[in-house]
Structure formats: structure tokens, C-alpha cells
Amino acid sequence: MKTSKFAIVALLLTVLLAACGGGNSGKDGNSSGNGSNKGSNNQSEASAKPSDEQVTIKYYTFANGTVWDQINEIAKNFENEHSNIKVETIQLVDNGSSTDFYKKLDIMSATGDPIDIIQFSHVDFIIERAARGVLAPLNDYLKADNIDPEKQFYVNPVFEGNVYGIQDIASPWLIAINKDALDEAQLPVPQWGWTWDEFREYAKKMSKGEGKDKRYGAYFHTWGEYVNFPAYSELPHPYLTADKKPVFDHESYKQFFEMRRAMEQEDKSVKELSEIVGAKLHYATEFLTGQAAMVPTATFFMGMISDTEKYPHDFQTVFAPLPRSSESAETGSSYIGGNYLSVGATSKHKEESYKFISYMAQQMEVVRDFPGFRDADAEKITDALIGDKGNLIDKESLIATVFDERVKNFYDATYTTEYASQMKKIIEDGFSTFILDKLSIEDAQKQMMSEAQKLIDQSK
């Protein structure tokens, strides 16, 4: 009888201790999403997990083709280093359209579906969703890893003091130039410090022929960046001031709009916007078929240059920095776009998701583009991107353009808002109206300022 009582007491003690020790068993050890948890708390909760607990995190992307294959390769490499974490890569859309991707993502978010990792094509799209509470802040995780995103990455997606993403890909904008056309015009490869006025002169000199056989000196695409490059490369934000007012009355909009009109109508060195829109032309096709001698683009263009099956050509492409607005503008001003990864606020595995996006941003085994991580090896990156296509891509001018120590990124994510990405359509529409309806620059700027103010007022 004594033995039975003792056994019962022992059993009760065992149950009691198990209950006390398992009080957090329903938690996933992740940040609550309000930015108030300390990094040490995250780490202590995570360390309480069994080391062999298997977790699956889902990575939502709009990537396809080669990029999709590369993402899966990175995921496998990560899994080899983290045996308890499985990464399930999911193409939310199969057409590569980030616009369609965001539509589906927002539907998922509205239904409350758990979302672990999200790919973003621009920091403004991150801020929009951070403002809606869709994303989890990463401050604690970054702090625990001794990562200072302001110093270690080109762009840091900050909203109301919290970091909501990591830049895994940096896409510096530059000018791609057909070397044959450049040599034919007896022009040197432009260097840091050249201006948009000089760009215009280069376009004039490299224009050749007439009619269907004409080679234009340059090509401007329909995206918002092409409306006013100095606003992207020389201002803290291309659409907004520090006090969240529209910046479309800035002098750079007047100068660039008028230059674009003059190049199209006076110089005849670029195709008319009406033809570009009507024929749905693409910058890669125009440049790589020799229809245009120069095109402002970003380093994501490297893959297209290398793809001679889709874009057959045999000329070499050399690179120049984005021109500055004038001789008085600071040399080295640049615009760096890219790709970003964020963790969903509804994720049940935030820490594991953070581990993967941090790994993806800093790994150098699979090179897809220039990393957002500043300490990347320039030689290793360019060699990987060029591969055996040195006859098509000039390494020397590429390194000089992307890795020059004078490169400055003036973009400041703290200027942006949850409605900033909608501003891009305003400048695209404003420029189209300016060109196609032959508005004065004053009327075009007035129209854009008015539309922007309406958007701001609606967002309050």
C-alpha cells in the first residue's frame, strides 16, 4: 500500500512538472509582430524547441524560368545546412508578373491564410503592406544576428521605425550601350560624371538610317523610372518630400520631360512613345536586335543579354553609369532597385522564415544578380553573371559602373508611405499626357500634383 501511494505521488509530480515545463509548447517562439519583443527573447524561445522538430516554411514568389530554378537551388542548399527546416517554394503566379502576384497575395492576406515568406520587387510594395499589418518586423532578429541593415544592405525597408524586409538582390541602374554603334560613332565609353545632356548628344551621334531600318540612338521604356531618372537617382524619394507632399513640381521633372520630348520630336533619336505603346515594344528586344544603340536599364538585364537563344545577337554590350542631371549634381548618384524578402505577420514560423531570408540575402553560392549585401565579392559576382559570355558582356565597364567607390544611393525608405507605389502611375500617365496630348510642362506638372494630392487626401 505504501508503494502504491508513493507511485501515485511520483506520478502526480511527474505530470505537474511536465505541465510547468510545457507551458509554452503551443508557441512557435516567434516575434509577436508588434516589434516589442527583444531579440534575446526570440532566441530563448527558439532554443527551447526540440532540435529535431521539423518545420516547413513557404516561400511565395513570382519568379519563373532560370530564376525559379536558382531559388530552388538556394532552398536546397539552405536545407542541407538546416536539417529541421524545409522550404516549400511556391509560384503564386506562373507568368512572372509581379502585378498579378501582388493581387493574389493581397487576397491571401485578406483571408488570414498563414504566409511565411514573401518576395517583393520594390520597397514601396513592402511599406504598403507593412502599414496594413501584413508583415512582421525583423528588428529583433537582425539585432540578434548583429546585422545593421542600414550599413550592410543598399536599401533598408523601414516603416515607423521597424525593418520589414531584407534586400537579397540589388539591381543598380545603368546605361547599356552597343559597342559596335559606339565605335562606329567614334565615341568613348562614358564615365562617372557624364550628364543627361551628353547622353542626348550620344544618342544623336549613334542614330543611323531611316524608316524600318533605322537604328535609334536610345530607347526609353514606359515604366515610371524612364519618366525622370534624376528624380530616382538624386532625390531621397522620386514622388514624395520628407513631409509626405508630392514632389512632381520639382525642376528635374520639367528638365527631363522636355528633354524626352526634344529627343523624340526634334532629334528623332528615340522612337515615339505612341509607337512604343501601340506596338507594345520591349526594351530588351529593341536593344538586342540593334534597333536602339543605348538603353537605360538595370543589372537584371544581364540574363537577357546572355540569352542568345531568345535574343540572338553578336555585339558586345558595354556599360556606363546613369548620367547626372547637370555638372553641379554630385558625381556617383545612382538608383539601386532590387528584390526584397519579408516575413508574414501571420506566419507560425517567423524565426525559421527569417533564417532563410537572411541566408538567401548573404549566400554567394548561387549568383542570380548583384546581391543587396554590400560586402559581396565584385570579381566573383561579375564572373558568375558573365560566365562564358565575355564576348557579349564587357566585364571592365560593368565593374567600373556597379562597384565604383563613389556610388551613392540617395533613396531613403523613410520618405515612402503606404500609397507611394500608386504615385508611379500618376507620373506615367502624366508623361503620356504631356507627350501624346502635347501639354505644356506647366500643365503636366499641375495635373500630376493635383492627382497626387487627391491620392494623399484619400489615404488620410
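Reader: Leaving aside neighbours within four places in sequence, which residues is His-221 in contact with?
Author: This is a predicted model, where local features need pLDDT of at least 70, side-chain atom pairs count only at pLDDT 80 or more, and totals for chains, interfaces and linings use all residues. Residues are numbered from 1 along each chain as its sequence is written, and side-chain values use heavy atoms, with hydrogens and water left out. Contact means heavy atoms within 4.5 Å. By that rule, His-221 is in contact with Tyr-226, Leu-281, His-282 and Tyr-283.

Reader: Is His-221 buried or exposed?
Author: Buried means under 20% relative accessible area, exposed over 50%, and partly exposed in between (1.4 Å probe, protein chains only). His-221 has a relative accessible area of 7%. That is why His-221 counts as buried.

Reader: Which side chain makes a polar contact with the side chain of His-221?
Author: A polar contact is a pair of N or O atoms within 3.5 Å; within protein, one must be able to donate a hydrogen and the other to accept it, and residues adjacent in sequence count only if both atoms are side-chain atoms. For His-221, the pair lies at 3.0 Å. The partner is the side chain of Tyr-219.

Reader: Where is His-221 found?
Author: Helices (H or I, at least four residues) and strands (E, at least two) are DSSP runs, numbered from the N terminus. His-221 is found in the loop between H9 and H10.

Reader: Why do the buried residues of H9 line one face of the helix?
Author: Helix H9 covers residues 196–206, and Trp-196, Phe-199, Arg-200, Tyr-202, Ala-203 and Met-206 are buried there. Take the directions from the helix axis to the C-beta atoms; they define the arc. Seen down the axis of H9, the buried residues line one face because they fall within an arc of 160°.

Reader: Which residues are exposed on the other side of H9?
Author: The buried residues of H9 pack against other elements, including strand E6 (166–178) and helix H11 (251–267). On the other side of H9, the exposed residues are Asp-197 and Lys-205.

Reader: Which side chain makes a polar contact with the side chain of Thr-416?
Author: Thr-416 sits in the loop between strand E12 (408–409) and helix H18 (420–436). Thr-416 is buried, with a relative accessible area of 4%. Its contacts beyond four places in sequence include Asp-124, His-237 and Tyr-411. At 3.3 Å, the polar contact is with the side chain of His-237.

Reader: How many residues apart in sequence are Ile-393 and Lys-179?
Author: Ile-393 lies in the loop between helix H16 (378–386) and helix H17 (395–402). Ile-393 counts as buried, because its relative accessibility is 1%. From C-alpha to C-alpha, Ile-393 and Lys-179 are 9.9 Å apart in space.

Reader: What share of the residues in the chain is buried?
Author: The chain has 19 helices and 12 strands. Among contacts between residues at least 6 apart in sequence, 76% join residues at least 24 apart. Of the 460 residues, the buried share is 52%.
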